[in-house]
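Take a look at the structure below and keep it in view while you read. We will visit a few places in turn.

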Amino acid sequence: MNLEDLPIRADLRGKTPYGAPQIDVPVRLNTNENPYPPSPALVADLAAEVAAQAGELNRYPDRDALALRADLAAYLGHGLTTERVWAANGSNEVLQQILQAFGGHGRTAVGFEPSYSMHPIITTGTSTEWIGASREDDFSLDAGKAVAAIEEHRPDIVFLTSPNNPTGTALPLATIEAVLSAAPGMVVVDEAYAEFARTGTPSALALLPDHPRLIVTRTMSKAFAMAGTRLGYLAAHPAVVEALLLVRLPYHLSTITQTAARVALRHRAELLGTVDTLRRERDDTVAWLRGKGLVVADSDANFVLFGRFPDRRAVWEALLERGVLIREVGPPEWLRVSIGTGDEMAAFRAALEGVL
Ligand code: PMP
């Protein structure tokens, strides 16, 4: 039997699943992970905490993850409290819950492309209609055009991604405010890469007090170097969190997940200590690529989009042959490299020199 033989939903027929290749190569720079593994001290603390919880795994976890949400609120600052923070298995699940509560059949979501490929996938997966609007040639967002797109489509949900994946572009608060004023429904600002922004780039968290329909999503997968833990979270008005309780599965965050995330937050000085190193490595990578005569998008994230290659597949493959895995994503002719350790970036540069 094949997939086509199953009575699958009509709107899922012919779709392809999310699929960043997971290939075992020496230098993996393709999914925007943090290259620095947790320290032995963090691993030991985590093992001890998990061991302490293990004897109670016959019981369900705290359904509302109150202690974790309090810790996340304290980390975010901005006067946030437990009732304004929500957490789930990766920000992807957070986004799915937002779509389940505020999207659905007969509703629409607008996003500005190129952007994170999971936004349209989660949107259509919840039977919400996806409307792709566009960015400028330099990947910035023209506030006037964004407002015009919102006025034309009157979407139930607007996605803004800042810094944007795969381009690295951060949005000025004025653009987000313009979108908030025009949007008839919810506005999601996906800040998965917020901690990597260049200094002075403000977070949309600052806008929450005046905008009850704003949702800011974050993750521990990138800056916190905890992609394997699967912990994403959001900050919003308490009523938004109440809406999400209607669609979340009971006990969606395992005891182990909640524990691991809390341990990581306790060790945040160490984990976030890698962010400065990665920022410097990113800025050096941008400068080096430009020095090679390539076109490079300004980046506020832990990755860099560069081009332009009439046959980008050939460049991607030639790098892979040299043991360096990057990502073939974004507009045609561009490639994206995640920022790794100094050694990994040296390997990337050597491999790319061999290819150019
Ligand atoms: N948002 C953006 C913009 C991303 O790039 C990613 C990860 N690639 C996510 C959300 C999801 O991350 P996670 O589910 O690991 O929190």
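A residue is called buried if 20 or more other C-beta atoms lie within 10 Å of its own. It is exposed if there are 12 or fewer, and partly exposed in between. Keep in mind that this model is predicted.

Start with Lys 222. Is Lys 222 buried or exposed? Lys 222 has 26 other C-beta atoms within 10 Å, so it counts as buried. Find Lys 222 in the loop between S7 and strand S8 (232-235). Which residues does it meet there, leaving aside neighbours within four places in sequence? Lys 222 is in contact with Asn 32, Asn 34, Ala 192, Tyr 193 and Asn 302.

Now compare another residue. Ala 20 sits in the segment before strand S1 (27-28). Ala 20 has 13 other C-beta atoms within 10 Å, so it is partly exposed. Setting aside residues up to four places away in sequence, Ala 20 touches Asn 30, Thr 31 and Arg 327. Ala 261 lies 241 residues from Ala 20 along the chain. The C-alpha atoms of these two residues are separated by 25 Å.

Next, turn to a helix. Helix H6 covers residues 173-182, and Ile 176, Val 179 and Leu 180 in it are buried. Seen down the axis of H6, the buried residues fall within an arc of 100°, so they line one face of the helix. An α-helix has 3.6 residues a turn, so residues three or four places apart point the same way. What do the buried residues of H6 pack against? Their partners are helix H5 (143-153), strand S5 (157-161), strand S6 (186-190) and strand S7 (214-219). The face of H6 turned away from the buried side carries the exposed residues Ala 174 and Ser 181.

Last, look at a pair of helices. Helix H1 (residues 40-54) packs with helix H8 (residues 255-266) at an angle of about 145°. Their axes are 10 Å apart. The crossing of H1 and H8 is right-handed. Which residues make the contact? H1 supplies Leu 42, Asp 45, Leu 46, Glu 49, Val 50 and Gln 53. H8 supplies Thr 255, Ile 256, Thr 259, Ala 260 and Val 263. The residues of this contact between H1 and H8 divide into 6 nonpolar, 3 polar and 2 charged.

Notes
Residues numbered from 1 in each chain as written. Predicted model: local features only at pLDDT ≥ 70, side-chain atom pairs only at ≥ 80, totals over all residues. Helix = DSSP H or I, 4+ residues; strand = E, 2+ residues; numbered from the N terminus. Arc of directions from axis to C-beta. Contact = placed C-beta atoms within 7 Å. Axes fitted to C-alpha atoms, helices over the stretch in contact; angles between N-to-C directions. Left-handed = near helix turned anticlockwise from the far one by under 90°. Nonpolar A, V, L, I, M, F, W, Y, C, P; charged D, E, K, R; others polar.
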